[in-house]
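Please look over the chain and its fold before reading on, and keep the view at hand while the text moves from the whole protein to one site.

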Amino acid sequence: MTLTPRDSGWIEVICGSMFSGKTEELIRRLRRAQFAKVSTAIFKPHMDNRYSENQIVSHNNMKMDSHLVNNAQEIMELAQDSEVIGVDEAQFFDDYLVNVCKSLASEKKRVIIAGLDTDFRGNPFGPMPLLMCEADFLDKLRAICMICGNPASCTQRKTKQTRQIVVGETDIYEARCRNCFQPPKE
Ligand code: ZN
């Protein structure tokens, strides 16, 4: 981001497949805000407890304290005293998160959202497509395809589970490029 808005809030969205470095990028941006003595608050949905209850943790083990919330409304309530708001695993919230982000931005806060843009079928995931439309700044990160080494935008589920949400890591998922991605046959 070369030019940041003045006297205004805004929404940044960091999306991409699993293992594309979204949480790492979210932590990097929040840490820079903290170095600048700007107050921050970080949120993640209650279901994502794969590493740590009260922290967001990237795949390269960067960590930052976060609030666990049950829904987007809780973010609205808990974010009031902060100038920069981070949300990780945003795909797990419902569409009300879009309203919350817009409200916070209208209160001149900087809102940084990280989430999976597509699910294991390759379909848009939760509120992410709406958030990507609403974003003032949008970054789509890519992982590396585990089959061929190309840039990867897809998340391949390696198990036969058919629920949209199955929390897992490299045991269940791997990054794949468009050519190597094999969506499940229904
Ligand atoms: Zn590939």
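The paragraphs below treat the overall fold and then the metal site.

This is a predicted model, in which local features need pLDDT of at least 70 and side-chain atom pairs count only at pLDDT 80 or more, while totals for chains, interfaces and linings use all residues. Residues are numbered from 1 along each chain as its sequence is written, and side-chain values use heavy atoms, with hydrogens and water left out.

The protein has four helices and twelve strands, both being DSSP runs numbered from the N terminus (helices H or I, at least four residues; strands E, at least two). Its radius of gyration is 16 Å, close to the 16 Å that the globule rule gives for 186 residues, so the protein is as compact as a globular protein of that length; the radius is taken over C-alpha atoms, and the rule is 2.2 Å times the number of residues to the power 0.38. Buried residues make up 48% of the 186 residues, where buried means under 20% relative accessible area, with a 1.4 Å probe and protein chains only.

At the zinc ion, the protein donors are Cys 145 (SG), Cys 148 (SG), Cys 177 (SG) and Cys 180 (SG), lying 2.3 to 2.4 Å from the metal; donors are N, O and S atoms within 2.8 Å of the metal (3.2 Å for Na, K and Ca), and water is not among the atoms, so sites may look incomplete. The four donor atoms subtend angles of 103 to 119 degrees, which makes the arrangement tetrahedral, a term that requires all angles of four donors to lie between 85 and 135 degrees. Both Cys 145 and Cys 180 are buried.

Key. Tetrahedral: all angles 85-135°; square planar, octahedral: opposite > 155°, others 65-115°. Buried < 20%, exposed > 50% of the residue type's maximum accessible area, 1.4 Å probe, protein only.
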